[in-house]
Amino acid sequence: MLQLIKKRSNSTNFPSNKKTSFIDGPGIGSLIQNVCRLNILYFAIQDFPILTEMYGSEWADNLEVQIRTEIENEGYSHLQHDEFHIFSFNAGQFFLLDPTECKVTMSLEELAYQLKVNIENKVKSEQIGQTGNTITINSGHSFFNAAHTDNKSWSDFLSAIGEARLEAQNCTDISSMELSKEFCEIISQGKVNSHYQPIVNLADKRIHAWEALARGPISSPFRSPLTLFDMAEKLGKLFQLEKICRESAISSFGTINPQQKLFLNIHPRTIVDPNFSSGETRILLDRWNLKPENIVFEITERHSVKDFKTFRKTLEHYRNQGYMVAIDDAGTGYSGLSSIAEIKPDYIKLDQSFVNNIETNMVNRAIVETFNDFAEKIGGKLIVEGIETQSQAVAIMDMGVHMGQGFFFAKPSKIKPELTTDALNIKKSPDLKADHNICGTPVKNLAIPVDYVEIDTPVPVVQDFFEQGRSISSVIVVKNNVPCGLIMEYNLNKHLSGKFGVALYCNKPITSVMDDSPLSVDIETPVENVSKQAMARERKKAYDDIIVTKNDKLYGIVSVQKLLDNLAHAQVEMAKGTNPLTGLPGNLGIEKEIEHRMKEGKQYSIIYADLDNFKVYNDTYGFKSGDKIILLISRVISWATAKHGSDTDFIGHIGGDDFVQIISPEKAERICLAITRCFKRLVKTSYNAKDRTNGWMEGKGRDGTTSKFPLVSVSLAILDCTPKQSLFEIGEQAASLKKWAKSIEGNCWVRERRKI
C-alpha cells in the first residue's frame, strides 16, 4: 500500500505554531475510509522522464523536492488549514488531497490552475539558471465521495485520481475562469502600478538608473508580475498589458537628472508587434518631461525570438531615435553570446543566479569577469542583479563590474528609493590606501576660460566660433551664467554633415543640438574625483570637455587630456615618495599626512609597527625571504585597517620593517588586536618545518654568538596625538613607546606605556 505523506510547516501564510516535519500518516486506504469527501488537485511535471535523462537523477530529485515544497506552501496559503495531504504515485507527479470543505471562492479547476501558475513561477528562475529552460506543470482536479464498502471506496478513489490525471493531459480553457475575468478587469481598468529599484554605478556609488517593476492589485493573485504576464501570454493580451505597464512606469516616475535612465521591461515579441508604436511612447515621454535618451528597453533572454533578423532591425530603429537597449537575465535564457554580440546592447544584465556564493565560488566569479570583459569589448556595461549582502557587493566591486542592483542597495518601492546607508559606505576590500596616493589638486588649478553662448543662440553662430581658426574644441551654453549645455565641435559637425544638415539647423537654437547633461564639477573637486566621473560616463562622451563651476556659475573648462596628463605627472611624483617594495607612502607622505591631521584640528592616533627578531631571520633565511616577511606584515596591516578602520585611515612605510598607521583613536585597539592575531598565525608559514615545529630558530645575534631566537613577531605602539603636537614631540614620544613595546616578548601592543 502506498504511504501518504502529511506535511506540517511554519509557513508565513499559516499560524507560526506549526512545526516543520514530515510525518508518515495512515495509508491511503485508511484515509479514504475515514472521510466523506476528498477534493483532489493533481500536478505533474511535463516530460519529467525525458528531463531526468537530460539533466540526471540528482537534478530530478532536487526538482521533485522543490515542487513538493511549493505545493505544500501553496496549500497552506490558499486552503488556510493544515489538514490536507500530499502523496505521489509516480515520479514527477503529486496529488494534494483536501478532506475539508473547500472554503476558497474559486472552483477546484481554478484553484488547481492558480497553484500550477504560482509553482511554475516559484521555480522558474532557478531552473532557467540551471538548465536554460522553464519547467511546465500540468494540473488537473477531481473529487472523491466515500462509498459504503471498502472495495467500492478504493475503486472510486482510483477513478477520481484517474479523472484528475486525464484532465491534466487536456488543454485547460482558462478564458471562462473567474481568474481570467479578474485579469481582464485589471487590464480594462489599468489596475497596474509601478515600483522602482535603483541600478547603481559601482565606481562612484551613484544611482545611474531605475528599473520599473510591474505590480498588480494588492491581495490579488495577479500581484506578482510573473502571474500577470503568464496570464497575458495565455490570453493573447501581452501587448495590452505591457502598454499599461509602460504608461504606469513613465507617468509615476517623477523627475530625474538628465543623464539618469528608466529601464522598461519589454517582451521580445512585443517590440516587433506592429502595435508597438514608438510614437505613443514618445508622446508619453514628452508629457512627463522625459526623452528617449532616458529610456532603456530591457529585453529578457528568457523568451525565444522567432524572427531574429526582424527583431534586430526593429531594435536598431528605436536606437536611432535615441532609445537604449539592455539584455536581461544574460547567461540563462535562449540567447547565447553570439546573439548578444549581434544586438550589441548598451547594458547586459547578468542573472542573479551567478551572485550566489560569489565571494568563494570561483566558477561564478569567472563567469562574472567574462561577462564584464565581454560587455566592454562590445561597448556596453554589465549590471549584476540580485546583490543582497555587503560581501557580495564588495566581491562584485573588486572584480571591476560597472553596475549593480539588488536589495543591498534598495528594495523596490512606489516612490523611487534612496540607497541604503550600507550601500553608500561600501568600499573595495583590497588596496585600501589607493586614496592616499592622490595629490589632492583641485580642478580649479587646471580650468581655463571658455567661450559661451546663451540658450537662444542660433546654431550657425556657434559654428562660426569653431570656423574662426581658434584652437577651441567646445562651447558652453548658459542661462544667466549657469551652464545648461555643452557643444563639442565634433558633435556639431556630425549634426551638420548630413545631406540636409546645414539647412535643417540654420534657424534652430543651439539647444537643439547641445548635450544637455554634460559633466559639471565644482572648482574645489579633486582632480582624481573628476577623472573617475569622466571615465564613468557613457562611451560616446568619455572624452568630452568637463565644465567647472563656482557657486553653480560658469568658471571654466578642463579637457580630459589635461586631466590625465596632470594625474600622470602627479603619480610619477608620488611614486618617488613611496616604498618600492610595498608601494606604501614613505617619509614624505607620512609627514604630509600628519600635517594634514594637524590642520584639521582633531585628535588622531599613530600606530608604530616594528618587527622583532627580523634581523636574525633575514640573515638566516636570506634577503628574499626577508622581503616576503615585510610584504606579509604590510598586507596584514592593510587588511586589519580595511576591516576595522575607516576610509580616512593612512598607512605608511618608514623603511625596512618599520610601518606607521594614522587612524581614529577609537579604532586603534581593535586594529592592533587584529594585526597581532593574524600575523602570529601567518608568520609561521615563512619558516621551514623544523623551526615551525620548535617555535624558534637558531641564528647569530648582534654580538655574533649563536643562540635560539623566537619566531618573528610584531610590536605595536599606539600614540594618541593632539593637533598642537609638533613632529619633534611626536617622534620623541613614539621612540619611548616603541622601546616599551619591544621589551615585551611576542606579538604585542601598548598604549601610553600601558599594556592593554
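Asp720 is partly exposed, with a relative accessible area of 23%; here buried means under 20% relative accessible area, exposed over 50%, and partly exposed in between, with a 1.4 Å probe and protein chains only. The structure is a predicted model, in which local features need pLDDT of at least 70 and side-chain atom pairs count only at pLDDT 80 or more, while totals for chains, interfaces and linings use all residues. Residues are numbered from 1 along each chain as its sequence is written, and side-chain values use heavy atoms, with hydrogens and water left out.

Asp720 forms a salt bridge with Arg751, with 2.8 Å between the closest N and O atoms. A salt bridge is defined as a side-chain nitrogen of Lys or Arg within 4 Å of a carboxyl oxygen of Asp or Glu. This pair links distant parts of the chain, as Asp720 is in strand S26 (residues 713-721) and Arg751 is in strand S27 (residues 748-751), 31 residues apart. Helices (H or I, at least four residues) and strands (E, at least two) are DSSP runs, numbered from the N terminus. Arg751 also forms a salt bridge with Glu669, where the closest N and O atoms are 3.0 Å apart. Here too distant parts of the chain are linked, with Glu669 in helix H24 and Arg751 in strand S27, 82 residues apart. Glu669 is partly exposed at 30% relative accessibility, whereas Arg751 is buried at 9%.

In the whole structure, 18 salt bridges are found. One further pair is made by the side chains of Arg319 and Asp346, at 3.6 Å from N to O. Arg319 belongs to helix H11 (residues 308-320) and Asp346 to the loop between helix H12 (337-343) and S12, so the pair ties together parts that are 27 residues apart in sequence. Arg319 is buried, with a relative accessible area of 18%, and Asp346 is partly exposed at 22%. As a general point, side chains of opposite charge can pair when their charged atoms come close.

Helix H23 (residues 623-644) and helix H24 (residues 668-682) pack at an angle of about 140°, and their axes are 9 Å apart. Axes are lines fitted to C-alpha atoms, for helices over the stretch in contact, and angles run from 0 to 180 degrees between N-to-C directions. H23 and H24 are therefore oblique to each other; angles under 35 degrees count as roughly parallel, over 145 as roughly antiparallel, 65 to 115 as roughly perpendicular and the rest as oblique. The crossing of H23 past H24 is right-handed. A crossing is left-handed if the near helix is turned anticlockwise from the far one by less than a right angle, and right-handed if clockwise.

Positive phi values were examined next. Most residues other than glycine have a negative phi. Asp47 has a phi near 60°, a positive value in a residue other than glycine. Asp47 is placed in the loop between strand S3 (37-45) and helix H2 (48-55), and is partly exposed at 45% relative accessibility. For Asn481, phi is near 70°, again a positive value in a residue other than glycine. The loop between strand S16 (474-479) and strand S17 (482-488) contains Asn481, which is partly exposed at 31% relative accessibility.

A nonpolar surface patch of about 310 Å² is formed by Met535, Tyr543 and Leu564. Patches are made of residues with over 30% relative accessible area and no salt bridge, with like charges joined within 9 Å and nonpolar side chains (Val, Leu, Ile, Met, Phe, Trp, Tyr) within 5 Å. Accessible areas come from the Shrake-Rupley method with a 1.4 Å probe, and for residues only the protein chains shown count as cover. Tyr543 is in the loop between helix H19 (527-535) and strand S19 (546-550), and is exposed, with a relative accessible area of 59%.

Two C-alpha separations were also computed. Gln352 and Gln405, 53 residues apart in sequence, are 9.4 Å apart in space, C-alpha to C-alpha. Gln352 is in the loop between strand S12 (347-350) and helix H13 (362-377) and is partly exposed, with a relative accessible area of 41%. Ser180 and Ala232 are 52 residues apart along the chain, and 9.3 Å separates their C-alpha atoms. Ser180 is part of helix H6 (residues 178-189) and is buried at 3% relative accessibility.
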